[in-house]
Amino acid sequence: MKLTNKALAEIYEDVKKRNPNEPEFHQAVIEVLESLEPVIEKHPEFIEKGIMARIVEPERIIKFRVPWVDDNGKVQVNRGFRIQFNSAIGPYKGGLRFHPSVYEGIIKFLGFEQIFKNSLTGLPIGGGKGGSDFDPHGKSDGEVMRFCQSFMTELCKYIGADVDVPAGDIGVGGREIGFMYGQYKRITGKYEGVLTGKGLTYGGSLARTEATGFGLCYFTEALLNDHKDSFKGKTVVISGSGNVAIYANQKATEYGAKVVAMSDSNGYIYDKKGIDLAYVKQLKEVERKRIKEYLVKHPEAEYHEGCRGIWTVKCDIALPCATQNEIDKESAEILVKNGCKCVCEGANMPSTPEAIEVFQGNGVFFGPAKAANAGGVATSALEMCQNSARYSWTFEEVDSKLKDIMENIYKNISAAAKEYGMDGNLVAGANIAGFMKVANAMMAQGLV
Ligand code: NDP
């Protein structure tokens, strides 16, 4: 821990005491508190009025049983979570993650990050996150539907279009959102924008599917342009092969880059000619198969077991788009040694603190998740606008708003870093810029 401010150090100690055995949450908190030290020096009122002590404590934690019946007629029980972290600037907003690794600490770290990310979008959305330790892999459509219905039967008591608006995340895509939306409507009788990432026939927004990946590339291109560079002609490595990874690949390719590697939780593929994205989409979005099946159509490509090896592939730009802590110090050092000049995070907290130090210490342009992957939630907020207005915008309209938002995020966070004497440190810039708006709203709203 490098905190020098005594009040912040005490807050961090309290966080660890109150949330034992939740290392991901501690990691997310310490990063923000470290960045905020110069802010606290200038604004001691944030300590005096308890803003810092309150911002690290969720407004509400909802934890529930999710019983469902599998295809063999056996009762299964999972655990569901929704953490409504901070509503100072708008209704809670943030995705639902279905993955066996989900527990309270993961949802807390994601919900905490979401507060600042949502603030950076410039849109009126508070921070929340939820999910379950349910594993959708290998489950039939019927099993996924029964699970989603049971999950929503409980969750629907706590959410609403002006209260809390969940979306997708790992393991939750269009299919799961559809099942949950149907159940919400059936129980409450309300046809309202309570979830985002909906299908286009029932209130979804064009460009939402693409938004996080496209937004990541708009952000990365803005960062590169600011340093008189661009995606054009670059070799790119993207981890994951889910929603974020697929559309990051598409936009990076449109910008003139060549994506040579992608992965899933079993291993990674390397195709020196450039990944055949249409085939990856077919495998992952339609057939729900493993990435190693890529070799069926492209036997000349390579498949390697184990997903961490992807960071040994030589590249100019790395876009981690799979999961938290997927780049450790060693992987970061290999990336730097192989000449990687830019890392922007599509996944949430994919780089460990030690990896970030390696990047920043070696002059690698580093775009943190809070800023770089905010395009997904920003477009979700645009979906909420369209739902309230009972109207829909064209793909081009949504996409151009998304691009503006991502370019503004880049400008705002680099300006914040500069203002506080940390020019080029986008981690600090994102934490500071995201925090200021929420903190000022909390100050204005009194002790709540
Ligand atoms: P998906 O479920 O669509 O894809 C996740 C991908 O990451 C899959 O390829 C998956 O492989 C891989 N993966 C998941 N867990 C692990 C693991 N423990 N180790 C290695 N690989 C893993 O999720 P998304 O693309 O939606 O999300 C990816 C990341 O982006 C997450 O960190 C999420 O929080 C973040 N994010 C997503 C947003 C969105 O709009 N979807 C918005 C902002 C951030 P496998 O299939 O084998 O599990």
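1. Let's start in the middle of a sheet. Strand β6 (residues 235–238) runs parallel to strand β10 (residues 317–319), and 3 bridges join them. Here two strands count as paired if DSSP finds at least two bridges between them; helices (H or I, at least four residues) and strands (E, at least two) are DSSP runs, numbered from the N terminus. Within this pair, valine 237 sits opposite alanine 318 in β10.

2. A word on what you're looking at: this is a predicted model, where local features need pLDDT of at least 70 and side-chain atom pairs count only at pLDDT 80 or more, while totals for chains, interfaces and linings use all residues. Residues are numbered from 1 along each chain as its sequence is written, and side-chain values use heavy atoms, with hydrogens and water left out.

3. β6 also pairs with β7, again in the parallel sense and over 3 bridges. Look for valine 236, which stands opposite valine 259 in β7. As 5 of the 6 residues of β7 are buried, this strand is largely enclosed by the rest of the structure (buried means under 20% relative accessible area, exposed over 50%, partly exposed in between, with a 1.4 Å probe and protein chains only).

4. Now zoom out. The open sheet has 7 strands in the order β9-β8-β7-β6-β10-β11-β12, with mixed pairing. Its edges are β9 (302–305) and β12 (365–367), each of which pairs on one side only. Neighbouring strands are turned by 15° against each other on average, direction ignored. Across β6, β7 (258–263) and β10 lies helix α9 (residues 243–254), running at about 170° to β7. For that angle, axes are lines fitted to C-alpha atoms, for helices over the stretch in contact (heavy atoms within 4.5 Å), and angles run from 0 to 180 degrees between N-to-C directions.

5. Elsewhere, β1 (residues 60–69) and β2 (residues 75–86) run antiparallel, joined by 10 bridges. Valine 66 faces asparagine 78 in β2. Their hairpin has 5 residues between the strands, and glycine 73 there takes a positive phi near 80°.

6. Two loop residues are worth a look. Asparagine 325, in the loop between β10 and α12 (329–337), has a positive phi of about 55° although it is not a glycine. Arginine 390, also not a glycine, has a positive phi of about 50°; find it in the loop between α15 (375–389) and α16 (395–419). Arginine 390 counts as exposed because its relative accessibility is 68%.

7. Of its 20 lining residues, Lys2, Glu31, Glu34, Pro353 and Glu357 lie nearest its centre. α2 (23–42), α13 (353–361) and α17 (426–444) each give two or more residues to the lining, and α2 has the largest share, with 6. The lining divides into 10 nonpolar, 5 polar and 5 charged residues (Ala, Val, Leu, Ile, Met, Phe, Trp, Tyr, Cys and Pro are nonpolar, Asp, Glu, Lys and Arg charged, and the others, Gly among them, polar).

8. There is 1 cavity of 30 Å³ or more in the whole structure. The largest cavity has about 70 Å³ of space, and its lining includes Glu31, Glu113, Phe366 and Val427. That lining divides into 6 nonpolar, 1 polar and 4 charged residues. On a 1 Å grid over the protein atoms alone, a cavity is a set of points where a 1.4 Å probe fits but cannot get out, and a pocket is an open set with protein on both sides within 12 Å along at least five of seven lines; lining residues have an atom within 4 Å of a point. Grid points are joined across faces, edges and corners, and a volume is the space filled by probe spheres set on the points.
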